[in-house]
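Open your viewer, switch to a cartoon view and get ready to click along.

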Amino acid sequence: MEDLFVALRVAVSLAAVLALVWWLHRRLTRGVKRPSAKAVTVVTRQSLGQKASLVVVDVEGSRLVLGVTEHGVSVLQSAEMPEPVLESVPALDSEEKPSFARSLGQAQSDAGALRVVKPLFTQDGSEASRSAASGALAGSILSPQTWKQAAATLRKAL
């Protein structure tokens, strides 16, 4: 009974500390305005070696090619940001459109062709147990088999 009171006291103390941290966070960040959009967007980055790279960035409507080294950053080229290219996709005819039922049937038949293969040996080289737990907890940290394997591994290590 005393253990229950200790656990309850710890839980209440933890809740009080978390509530205090949450309240302080809200209080201190009340007037802070967050920027709505990024001012700089990194388009791509290519490493040229261990300590040098080439970076393409978009800044306020212009695209910059930057050389970055351990000693500094230099602008290699500057240009206007290109307009995004929209590719048109041809529409499918009604005969070419796959129906949902047909696609689902194909996926189910493909899944039926797959079979699960259980390993014959474990990582330590011993033969895998044929009667491994196949219930809902199999393979999880809650499975007794997992704890037995962990204990066996620790015994071998010590």
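## First stop: a pair of facing residues

Select Val42 and then look across into E2, where its bridge partner is Val57. Keep in mind as you explore that this is a predicted model.

## Zoom out: the whole chain

How many helices and strands does the protein chain have? There are three helices and four strands.

Of the chain's 158 residues, 8% count as buried. Contacts tell you something too: among those in the chain with a separation of 6 or more, 1% are between residues 24 or more positions apart.

## The sheet, strand by strand

Hide the surface and select the four strands together. They make an open sheet in the order E1-E2-E3-E4, with antiparallel pairing. On average, neighbouring strands here are turned by 20 degrees against each other, ignoring direction.

Move on to E2 and E3, the latter being residues 62-69. Eight bridges join these two antiparallel strands. For a landmark, click Val55, which stands opposite Leu66 in E3. Then follow the chain from E2 into E3: the two form a hairpin with two residues between them. Stop at Glu60 in that turn, where phi is positive, at about 45 degrees.

Now step across to E4. E3 and E4 pair over seven bridges, again in the antiparallel sense. Select Leu64 and you will find it opposite Ser78 in E4. This pair of strands forms a hairpin as well, with three residues between them.

While E4 is selected, think about cover. How many of its eight residues are buried? The count is zero, so E4 is hardly covered, given that a residue must be under 20% relative accessible area to be called buried.

Select Ala39, in the loop between H1 and E1. Is Ala39 buried or exposed? Its relative accessibility is 53%, so Ala39 counts as exposed.

Show what surrounds this residue. Leaving aside residues up to four places away in sequence, Ala39 touches Asp58, Val59 and Glu60. Try the distance tool on Ala39 and Val59: they are 20 residues apart in sequence, and their C-alpha atoms are 6.3 Å apart in space.

## Last stop: a nonpolar patch

Finally, select Met1, Leu4, Phe5, Leu8 and Val12, and bring the surface back. Together they make a nonpolar surface patch of about 570 Å². Click Phe5, which lies in helix H1 (residues 2-28). With a relative accessibility of 48%, Phe5 counts as partly exposed.

Note on methods
Residues are numbered from 1 along each chain as its sequence is written. This is a predicted model: local features need pLDDT of at least 70, side-chain atom pairs count only at pLDDT 80 or more; totals for chains, interfaces and linings use all residues. Side-chain values use heavy atoms; hydrogens and water are left out. Buried means under 20% relative accessible area, exposed over 50%, partly exposed in between (1.4 Å probe, protein chains only). Contact means heavy atoms within 4.5 Å. Two strands pair if DSSP finds at least two bridges between them. Axes are lines fitted to C-alpha atoms, for helices over the stretch in contact, and angles run from 0 to 180 degrees between N-to-C directions. Patches are made of residues with over 30% relative accessible area and no salt bridge: like charges are joined within 9 Å, nonpolar side chains (Val, Leu, Ile, Met, Phe, Trp, Tyr) within 5 Å. Accessible areas come from the Shrake-Rupley method with a 1.4 Å probe; for residues, only the protein chains shown count as cover. A salt bridge is a side-chain nitrogen of Lys or Arg within 4 Å of a carboxyl oxygen of Asp or Glu.
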